[in-house]
Amino acid sequence: MATIKIRAKLQGDETTVKALIQHPMDTGQVKDKKTGKLIPAHFIQEVNCELNGTNVMTALWGPAVSKNPYLSFKFKGAKSGDTLKLSWVDNKGESDSIETQVS
Amino acid sequence: MINMKRRTFLKGSVAAGAVGAAVSAGLLTPRVVLAAWPSAAFEAKSVDSALDALMGSHAVESSDKISIRAPDIAENGAVVPVSVTAPMSNIDTISIIAEKNAAPLTAAFKLGKGAEGYVSTRIKMGKTSNVIAVVKAGGKMYSASKEVKVTIGGCGG
């Protein structure tokens, strides 16, 4: 299941990356309304972004990043058609990744 | 109620002290920590101890060049959009901190080669507090802050 939506847009020599990830980002401090039990923490810890295999950004996240996280950043040095890979890993070891072309 | 708060406060300060002690004793090696997920930094209960655990220091210099874009009033503390723009060159990391959250450190963005001083994301905030951006560039740390009022209960403030 694809959990990531990504767009990488080149303007001049600057690429703007915008990504939306589907993830509950549970903090471990909220109770389930039905059972009254705490919902265990489940959140993304690390997001990695690579351009043609070279790291351009690593985000380290705590549980206080909002549910279904949004992320945007900019970098220089990409050409149209370059491959951008974004991947995430959460505290339960689950992960996902996506590749897109810079356009 | 007052006693309860005092209890939590005491617990919090003891935990923060423990983290600080661990860092100063060299048990945690902050520079290596960025390679893996720095749990000590994300669990730290105060801004200073979080920075100590993440960067090895909390000696920040306030800078008016860093701009934080966040709403003045956030009606929903669960989703507060925050953007940080920093003009410095050679930026290592941009960290976003919600000062009064139980664990203040929210996110740390480690920028690679060619990355610009800009990140944007959405964070959760427990209550009205300063949002602090800490930018590490060329071995120095700069910070800026902006207050975000969080209205709980949906009365629209």
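Contact here means heavy atoms within 4.5 Å. This is a predicted model in which local features need pLDDT of at least 70 and side-chain atom pairs count only at pLDDT 80 or more, while totals for chains, interfaces and linings use all residues. Residues are numbered from 1 along each chain as its sequence is written, chains are lettered from A, and side-chain values use heavy atoms, with hydrogens and water left out.

**View 1. A look at chain B by itself.** Among contacts in chain B with a separation of 6 or more, 61% link residues 24 or more positions apart. Chain B has four helices and nine strands, taken as DSSP runs (H or I, at least four residues, for helices; E, at least two, for strands). Of its 157 residues, 47% are buried, that is, under 20% relative accessible area with a 1.4 Å probe, protein chains only.

**View 2. Where chain A meets chain B.** Here 28 residues of chain A touch 27 of chain B. Together the chains bury about 2200 Å², 53% of it on carbon and sulfur atoms; this is the accessible area (1.4 Å probe) lost on being put together, summed over both.

**View 3. The salt bridge across the interface.** The rule finds one: a side-chain nitrogen of Lys or Arg must lie within 4 Å of a carboxyl oxygen of Asp or Glu. The partners are A:Lys76 and B:Glu116, with the closest N and O atoms 3.7 Å apart.

**View 4. Strands paired between chains.** E4(A) and strand E6 of chain B (residues 105–111) run antiparallel, joined by five bridges; pairing takes at least two DSSP bridges. A:Thr58 has B:Lys110 as its bridge partner in E6(B).

Conventions
Buried area is the accessible area (1.4 Å probe) that two parts lose on being put together, summed over both. Buried means under 20% relative accessible area, exposed over 50%, partly exposed in between (1.4 Å probe, protein chains only).
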